[in-house]
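My entries follow in the order I looked things up.

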Amino acid sequence: MRDFTLKKYEQLVCALRKAGYAFLTFEQYCMADKAQLPERFVILRHDIDKRAWQAVKVAEIERQSGAHASYYFRVVPESNQPEVIRQIVAMGHEIGYHYEDMSRCQGDAKKAEAHFEQWLRYFRRFYPVRTICMHGAPQSGYDSKDLWRYCDYHDYGIMGEPYFDTDFSDVLYLTDTGRRWDGYMVSVRDRIPQYQEEWTARGLVYHTTDDIIRAAQTGTLPRRILMTTHPQRWTDKPLLWLYELLRQTLVNIVKRMIVK
């Protein structure tokens with residue numbers, strides 16, 4: 001079966017559930033007493049960069065499996081679709097702000113903070129947003145995480161940002177960036193460099209979704225995981241699937257040049 005289809009994602013969620021993983025939103029992880037966290041859990045994080053309607057299909061798969069996940073929306077029209085957001089909230093999932101304020105404000109921290117405050121207030125119309133997540137914007141020269149050198153997101157009632165508030169000494173990070181699960185080499189910002197060498201040395205590298213499924217089935221997958229997906233990549237439609245494959249192949253070539 002082709003990878004990065006909705007059917008494959010359903011198999012992944014099913015395999016994790018059968019392997020005994022609890023499903024946490026990032027909000028639940030941040031709110032929990034770390035000593036009371038489940039022994040085995042996965043945080044399902046979804047970055048909605050474009051084609052927001054695809055996220056509804058992913059959210060429905062999770063709902064049917066009894067899983068809750070965290071969905072982070074950008075301000076751009078291809079992500080910020082109010083009806084999509086409402087449907088995902090109605091399924092019991094968490095909504096967060098996929099911020100890129102420094103990129104959109106050309107590195108002006110004062111303007112970026114005002115932009116952040118404006119759009120956080122907007123997304124709180126749909127959900128009491130308590131967590132946020134940076135959008136990598138690899139084409140931009142600005143890293144939006146740098147905003148927090150000038151201000152503090154806790155002042156806005158935010159309790160967590162995955163890149164700052166996840167204990168990666170305890171939680172493995174997996175992301176489908178690059179349309180592969182070992183795409184950290186072509187990722188500009190969606191990576192955890194201080195731990196990747198250790199994870200690689202331990203053999204915790206997975207290329208395909210089937211690799212993760214097999215690891216869950218054999219008990220070799222780490223017990224605590226933060227897993228990021230981009231729902232626009234996951235489709236059962238052949239032409240759209242092929243488009244994503246070809247587009248991401250070209251993007252990866254460009255990213256390799258940027259990373260180097």
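I take the expected span of a helix as 1.5 Å times one less than its number of residues. The model I am reading is predicted.

**Entry: helix H3**

I checked the span of H3 first. H3 has 12 residues, so at 1.5 Å a residue it should span 16 Å. Its end C-alpha atoms are 18 Å apart, which agrees.

Next I asked which residues of H3 are buried. They are Gln54, Ala55, Val56, Val58, Ala59, Ile61 and Glu62. The cover over them includes H1, S2, strand S3 (70-73) and helix H4 (82-90). I then stepped past the end of H3. Gly66 follows, and its phi is positive, near 75 degrees.

**Entry: helix H1**

I repeated the check on H1, residues 6-18. H1 has 13 residues and reaches 18 Å from first C-alpha to last, close to the expected 18 Å.

I listed the buried residues of H1 as Leu6, Lys8, Tyr9, Leu12, Val13, Ala15 and Leu16. Among the elements that cover them are strand S1 (22-24), strand S2 (41-48) and helix H3 (53-64). Helix H9 (209-218) and strand S7 (224-229) also belong to that cover. Just after H1, I found Gly20 with a positive phi of about 90 degrees.

I looked for positive phi in residues other than glycine. Arg51 has a phi near 45 degrees. I placed Arg51 in the loop between S2 and H3. Is Arg51 buried or exposed? Its relative accessibility is 18%. Buried means under 20%, so Arg51 counts as buried.

Arg179 is another such residue, with a phi near 60 degrees. Arg179 sits in the loop between S6 and H8. I read 11% relative accessibility for Arg179, so Arg179 counts as buried too.

**Entry: His93**

I moved to the loop between H4 and strand S4 (94-99), where His93 lies. His93 counts as buried because its relative accessibility is 2%.

What does His93 touch, leaving aside its neighbours within four places in sequence? I found contacts with Ala59, Glu62, Arg63, Ala67, His68, Ala69, Tyr71, Ile88 and Tyr127. Of these contacts, I looked up the spacing to Ala69. His93 and Ala69 are 24 residues apart in sequence, and their C-alpha atoms are 5.3 Å apart in space. Ala59 and Glu62, both in that contact list, are also among the buried residues of H3.

**Entry: the nonpolar core**

I went through the largest nonpolar core, which holds 80 residues. Tyr71, Phe116 and Met227 touch the most other members. Helix H6 (residues 109-123) gives the most to this core, with seven residues.

How many cavities of 30 Å³ or more does the whole structure have? My search found one. About 100 Å³ of space lies in the largest cavity. Its lining has 13 residues, and the closest to its centre are Tyr173, Leu174, Trp181, Tyr184 and Gln196.

I then sorted the lining by element. Strand S6 (172-175) and helix H8 (193-201) are the elements that give two or more residues. S6 gives the most, with three residues. By type, I noted nine nonpolar, two polar and two charged residues in the lining.

Notes. Residues are numbered from 1 along each chain as its sequence is written. This is a predicted model: local features need pLDDT of at least 70, side-chain atom pairs count only at pLDDT 80 or more; totals for chains, interfaces and linings use all residues. Side-chain values use heavy atoms; hydrogens and water are left out. Helices (H or I, at least four residues) and strands (E, at least two) are DSSP runs, numbered from the N terminus. Buried means under 20% relative accessible area, exposed over 50%, partly exposed in between (1.4 Å probe, protein chains only). Contact means heavy atoms within 4.5 Å. On a 1 Å grid over the protein atoms alone, a cavity is a set of points where a 1.4 Å probe fits but cannot get out, and a pocket is an open set with protein on both sides within 12 Å along at least five of seven lines; lining residues have an atom within 4 Å of a point. Grid points are joined across faces, edges and corners, and a volume is the space filled by probe spheres set on the points. Ala, Val, Leu, Ile, Met, Phe, Trp, Tyr, Cys and Pro count as nonpolar, Asp, Glu, Lys and Arg as charged, and the others, Gly among them, as polar. A nonpolar core is a set of buried Ala, Val, Leu, Ile, Met, Phe, Trp, Tyr and Cys residues joined through side-chain atoms within 4.5 Å.
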